[in-house]
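Subject: A structure for you to look at

Hello,

I am passing on a structure that is new to you, and my notes follow below it. Please have it open while you read.

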Amino acid sequence: MADKTPTKARIRSYNVGFGDCFLLTFSYPGDEQHHVLIDFGTTKKADDGPEGGMLEIAGKIREHTAGKLDIVVATHRHTDHISGFRGKTGEIIAALEPELVIQPWTEDPKLEADARAPAAVAAGPAGARALVSRLADMHTVAVAALAEAPKLELSPSVRRAVREQLAFLGDTNLSNADAVKNLMTMGKRPAVYANFGTQLPIADLLPGVGVQVLGPPTVEQSAAIKRQRDEDPDEFWHLAAASADTTIQAGEPPILFPQHAISTDEIPQQARWVIPEIERMRSEEMLAIVRILDSALNNTSLILLFEVGDTRLLFPGDAQIENWSYALKTAPGHEKIQQRLASASFYKVGHHGSLNATPKTLWEKFEHRSNEKSAPGRLRTMVSTAADKHGHKEDNTEVPRRTLIEALSKESELHNTQDIISPTEFWDDVEFDF
Ligand SMILES: [Zn+2]
């Protein structure tokens, strides 16, 4: 067993619309295969659909794994990464009897059990619990943002882009309790909640494959995450703490900024000109907060580097710059990490091609980039994305960001799920021989 090494790896990317779903298959001599599913989620794709709904994708995963998964990785809790683990599609994946489920440390239910205890807010190791508690509060904010979005539609002063982003980000940040529960229970072995440096117990599941966890750092490891917690009291975190005081009627969404909720009836006639301006400001403030929430969850993404010999395959989930910077700049041995990353043969483009998830310093270090299409060993990249869902062109926040896609397609062999058009072959794949 010990010296068994794979001869081949295949990476499939299924077209889930806006979301991620990757299957890594390692092949060994004698037709043996081991499979790792990294994320299975979408923001909008239905279970059934003409171009392959989520149920059909789950069916294909079953077929491509011959009914058995070794490892499931859920990089982070966003809907577009885990929605497929709930409901009927979740049952199909659980029936593939994964041996091990790997999630970021922030999902550890043991942390969550204490999360709301007042002591959790204290500094020290309890800081971790405080962060987790606040991540849990995001659900409340997400529900509120979702509820506000349609109301804003009535206001001509609120920019359409702001309204749409509130609805999208509210949706993707919902807590997905069913998927989370399924992920907690589907693995045959005890789940692993990993952080930077965790040694994954996978030697027998992926013989001859090294997997390094490069993120997320823990609160203790990363001052950046701590800072996010400590220095943003007036933004999301403060709101999250206050959300406990928000009156929530049964079945009613909570109200963001209840202290600012203005009944227009209370404003005297001569001052009513101010109402559209208040609504515009309110909507933009809300979006700013929901964006902070969204980034914070992205920064809990697992960053995994798979290594077979000198072939390196990089899967960073939706990690943004703050998550990356620990591994790249401050972690012990970060120079070595940078060298290994530089030699990556494959890069799963971070956060569906948003600009702040592919640090320029990282991209520029990839040695296998080449403008020559036929260059041997040219870097291969995969982006799973859908345009016009996240961000907006008018403020250069559109996902995928056009400048990044240009660089990817010029300097690497880019595989983009947006280019998948076949209704029956709704995935793309790349292969590596070792
Ligand atoms: Zn995502």
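To begin with, does Glu-99 count as buried or exposed? With a relative accessibility of 15%, Glu-99 counts as buried; the term buried stands for under 20% relative accessible area, exposed for over 50%, and partly exposed for what lies in between (1.4 Å probe, protein chains only).

Before the rest, a word on the source. This is a predicted model, in which local features need pLDDT of at least 70 and side-chain atom pairs count only at pLDDT 80 or more, while totals for chains, interfaces and linings use all residues. Residues are numbered from 1 along each chain as its sequence is written, and side-chain values use heavy atoms, with hydrogens and water left out.

Now to the charged pairs. Side chains of opposite charge can pair when their charged atoms come close. The structure holds 17 salt bridges, each being a side-chain nitrogen of Lys or Arg within 4 Å of a carboxyl oxygen of Asp or Glu.

Glu-99 has such a partner in Lys-188, with the closest N and O atoms 3.6 Å apart. This pair links distant parts of the chain, 89 residues apart: Glu-99 is in the loop between α3 and β5 (100–104), and Lys-188 in the loop between α7 (177–186) and β6 (192–194). Helices (H or I, at least four residues) and strands (E, at least two) are DSSP runs, numbered from the N terminus.

Another salt bridge joins Glu-431 and Lys-8, whose closest N and O atoms are 3.9 Å apart. Glu-431 lies in strand β13 and Lys-8 in strand β1, so this pair ties together parts that are 423 residues apart in sequence. Glu-431 is partly exposed, at 29% relative accessible area, and Lys-8 is partly exposed too, at 32%.

Lys-348 and Asp-20 also meet through their side chains, at 2.7 Å from N to O. Lys-348 is in strand β10 (residues 346–348) and Asp-20 in the loop between β1 and β2, 328 residues apart. Both of these residues are buried.

Finally, have a look at helix α1 (residues 54–64). Its buried residues are Met-54, Leu-55, Ile-57, Ala-58, Lys-60, Ile-61 and His-64. They pack against β1 (8–14), β2 (21–28), β3 (32–40), α3 (87–94) and β13 (427–433), where contact means heavy atoms within 4.5 Å. After α1 comes Ala-66, with a positive phi near 50 degrees.

Best wishes
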